[in-house]
Amino acid sequence: MLEYARWKYVVILVVVLVSALYALPNLYPQDPSVQITANRGAAIDAALRQKVDATLKSAGVTPKSIETGKDGNMLVRLSSPDLQTKASDALGGALGSGYVVALNLASTVPPWLDAINAKPMLLGLDLQGGVHFLMEVDRKAALDKRFEAYLEDLRVVLRENRVGYRSVERRPDNSLVVLLSNATDVGKAQELIARDLPTLALETDGDQLTLRVPEEELQKTLTSAIEQNVGTLRNRVNELGVAEPIIQRQGSERVVVQLPGVQDTAQAKRILGATATLEYRGVIEGNAYEALQSGNVPPEGRIFYRKEIGIDGKPVPVILNKRVIAQGDQLQDASSFFDSQSGTPAVRVRLTSLGGQRMFEYSSQHVGKPMAVVYTERIPEVKMVDGKEVRSTRINEQVISVATIQSTLGRDFQTTGLESMKEAADLALLLRAGALAAPMDFVEQRVVGPSLGKENVERGLTAVLYSFAFALVFFLIYYRMFGIITCVALLLNLLMVVALMSMLGFTMTLPGLAGIALTVGMSVDANVLINERIREELRAGLPPQTAIATGYERASGTIADANLTALLAGVALFAFGTGPVKGFAVSMILGILTSMYTAVSVSRAVATLIYGGRRKLKSIAI
Amino acid sequence: MKIFPLNLIPYGTKFDFMRLRWVSLAVAALLTIAAIAAMATMKFNFALDFTGGTSVELRFAKPADVDAVRSQLAAAGYSSAQVQTFGSGNDLLVRLQAKEGTDPADATRTSDDVVRVVSTPGNPAQRLSYGYVGSQVGKELAENGLWALLFVLAGFLAYISFRFEWKFAVAAIVTTLSDIVIVAGWFAVSRHEFDLTVLAGILSALGYSINDKIVVFDRVRENFRAMRADPRDVLNTSINQTLSRTIIVSFVAFLTVLALYLYGGGSLQGMAESQMIGIVLGTLSSIFVACPLLTIGWLKVTKQDLMPKARDEAALARRP
């Protein structure tokens, strides 16, 4: 009459144990720390370790520990956020551009928990704070790019309309000067430019046309570059899998990126600021060494260097066509994998239809000829000159592979020859997330406190505990023995939500707390439904044990309907919501699933345990 | 030992809720219309999350008390400034909306004012940098939010129609929508700040309200199948039977949220406020609006609508 299958008790026991285990890491605080990651070409080794030690010593910072992790990163743990900032500033200056120095919050979870992949729940920016990056657009690079585009437009307009010109160039004062081959064409050229490039101010002087770009037009260029970058950064952060970031435009040239809680901030930094891309170029056959010596490079070609080192100990030169067949922004999709044929990590890319078309045209005309893949990277450098920071950038171009075109190529490709799987994965991520419209530099990185303020958060959490305790006390008084059962179900529900959030790596935010508050409400509802139903059946004259069984059975249907409806709402909110709405949806979905289990199944198991065995049960405390 | 030691709600009540149905429906309709009108004419008092504002980076002579700074700002009229530590303990990042009447783009003036307000004789502040910050949620959120809401409603409609009857689905959705519209309307009328946590609060009010309706409807369905009575009596009985549950759940839920409102500090207040109103409305509307809707016009339910059909029986058999 009142029985509950033994295997269900086993399931409950397992669920409780697993939940407790995976909720456990949340009790360990995190260490503020500085993480050092090697860039392409640099290594984490004993020499670096000595340098780090020395730098910290001279900065007057005593680290808690310095360790090198499995992932090849060095982690300097510190005892306070103040020391963290100090250490990061000191190390950032001393280590130079070979390394990325980033702030991190390192976990103190013991290795045995780590081994079973038990991690603490991520807390959102509002509750825990995180890292704050301020990035600034490289104004000059953005403008250079825009002017290049103007020049190209001008050439195309003139060429297509058969207006001969001797030169089209940019002057240092940001004007564009066109020298026509024939002074009689001035009128025609003027007309064309006024039609196709109406924003430019035009002056003529004989066969010379001077074009000025108005200041507001330049400002617009910068603004749109920033806006485009915000989009790209958002894509990249999404690809990194960081939940609930803040990406905001600040002023006209800056972007603020805030990432919550613990994560590999070094990787975040490298990927946010990276401008690495791939280019496909045709190889111009000929002796590159000779061309290098004589300076006699074919007009359509340019010398690039391969990754491989030649007999002379220098990188092998190769002449490539100036024209790019396809490049980063024509890529539609990219993924990394290990190519067993070449024995190197590789990136599989898919071009857009336009890029694919160009690749098809080029390759069909050049079967049997070589084609090169150029990896271009822009590396920001900070040097101290006369006590002032001087920012500059170095462009690193490297031919990572030269392969013979075997047959006509279409949209899908593989590029081999990357240094490590990590590099391949990062590159694929960057290619997917799109290129920055203008390169950006990191101006500042800080650890920020919770945006709601630490006191507020603490007060909020205390209030949550209060409200929870209140519900428990109410149940204990109102339903007595069944109140205890309800309390067990509610507490287990909370434990399971925390464990699931931690296990699945979701980020907990204030809206997330609202979601949990709602599911506590739903769980309360389910328990009240059951308890009231049991009372009703008792009043109808059923014997206690039958009343319990009927109560649970009848209420389960109602609970299922009510919870599934709410679950549906949660799923839709998750699918279409962004940011905070999503955070709310996640905790609501998880909470509803767990509350259905705890309210219906676990509480019934406990009730059966208490009342099931007695033969002559006269009354129950409800 | 007594079997029923504590009862908040007497059992076996026989209130005739349906008698008031025209009054209660009219009140609900009026409130909804008023809420829509309020939102249309008065607009929301959107918070920094939505509007963007000025950010000021401050450096204090001594480590600063974030809470004290926040209350100084509140006293000076910046009620919802976000204050967070920024790197070391001496640096703070303050983000706030310009005061009403000042040009929001005039970050210089606002930041000057902030420095003046937060500096104390013992711990003067100095401005490191300032600027305009854009909104945290853009068009994207608004658009996606609308889509999400539409899909939630479509999902409700489909699920409730399948499990109950389309009339129940329509009644539940109309009532729930009117509940959340009224909650939102309250924020327009009261000019209380509308931020992301309020949005979350309203969404959870939506979840609570629909949940409440389903529970009552579930009993309505059960009674339609079991009782020989006219629909009006069935509805009345169902509401009375679930009354104790409805009130206890609302009571507990309301008091837990009240605890958040009272002790949670400023950050939780907006959320708790929207949830409290949502819980009260959701409960009242289950009793006074959702069920009465099932007695009028083309939403009128009959026994035939709810007699188990072959499809329903199969579904019931699968039910957990």
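Student: Which residues of chain A does the UniProt annotation "transmembrane region" cover?

Tutor: According to UniProt (an unreviewed entry), they are residues 460–479, 484–506, 512–530, 559–578 and 584–611 of chain A. UniProt positions follow the numbering used here, feature names are shortened, and annotations may be inferred rather than shown by experiment. Before we go on: this is a predicted model, where local features need pLDDT of at least 70, side-chain atom pairs count only at pLDDT 80 or more, and totals for chains, interfaces and linings use all residues. Residues are numbered from 1 along each chain as its sequence is written, chains are lettered from A and ligands numbered from 1 in the order in which they are written, and side-chain values use heavy atoms, with hydrogens and water left out.

Student: What makes residues 584–611 of chain A helix?

Tutor: Helices are DSSP runs of H or I with at least four residues, strands are runs of E with at least two, and both are numbered from the N terminus. Residues 584–611 of chain A come out as 100% helix and 0% strand, with 38 Å between the end C-alpha atoms. Residues 512–530 of chain A are also 100% helix and 0% strand, and their end C-alpha atoms are 27 Å apart.

Student: Why is A:Tyr597 called partly exposed?

Tutor: Buried means under 20% relative accessible area, exposed means over 50%, and partly exposed is in between (1.4 Å probe, protein chains only). A:Tyr597 has 22%, so it's partly exposed. You'll find A:Tyr597 in helix α16 (residues 579–611) of chain A. Beyond four places in sequence, A:Tyr597 touches A:Val11, A:Ile12, A:Val15, A:Met496 and A:Val602, where contact means heavy atoms within 4.5 Å.

Student: How do you know whether B:Ser55 is buried or exposed?

Tutor: Its relative accessible area is 4%, so B:Ser55 is buried. B:Ser55 sits in strand β2 (residues 53–60) of chain B. Among the residues that B:Ser55 touches are A:Gln250, B:Val94 and B:Tyr130.

Student: And what about B:Gly201, buried or exposed?

Tutor: With a relative accessible area of 0%, B:Gly201 is therefore buried. B:Gly201 belongs to helix α7 (residues 196–226) of chain B. Leaving aside neighbours within four places in sequence, B:Gly201 is in contact with B:Met271, B:Ser274 and B:Gln275.

Student: Why do we say the buried residues of α3(B) line one face of the helix?

Tutor: In helix α3 (residues 66–75) of chain B, the buried ones are B:Val66, B:Val69, B:Arg70 and B:Leu73. Looking down the axis of α3(B), they fall within an arc of 100°, so they line one face. That arc is the one made by the directions from the helix axis to the C-beta atoms. In general, an α-helix has 3.6 residues a turn, so residues three or four places apart point the same way.

Student: What makes α8(B) and α9(B) roughly antiparallel?

Tutor: Helix α8 (residues 231–263) and helix α9 (residues 266–293) of chain B pack at about 175°, with their axes 10 Å apart. Angles under 35 degrees count as roughly parallel, over 145 as roughly antiparallel, 65 to 115 as roughly perpendicular and the rest as oblique. So α8(B) and α9(B) are roughly antiparallel. The contact includes B:Leu235 and B:Phe254 of α8(B), and B:Met271 and B:Ile279 of α9(B).

Note on methods: Axes are lines fitted to C-alpha atoms, for helices over the stretch in contact, and angles run from 0 to 180 degrees between N-to-C directions.
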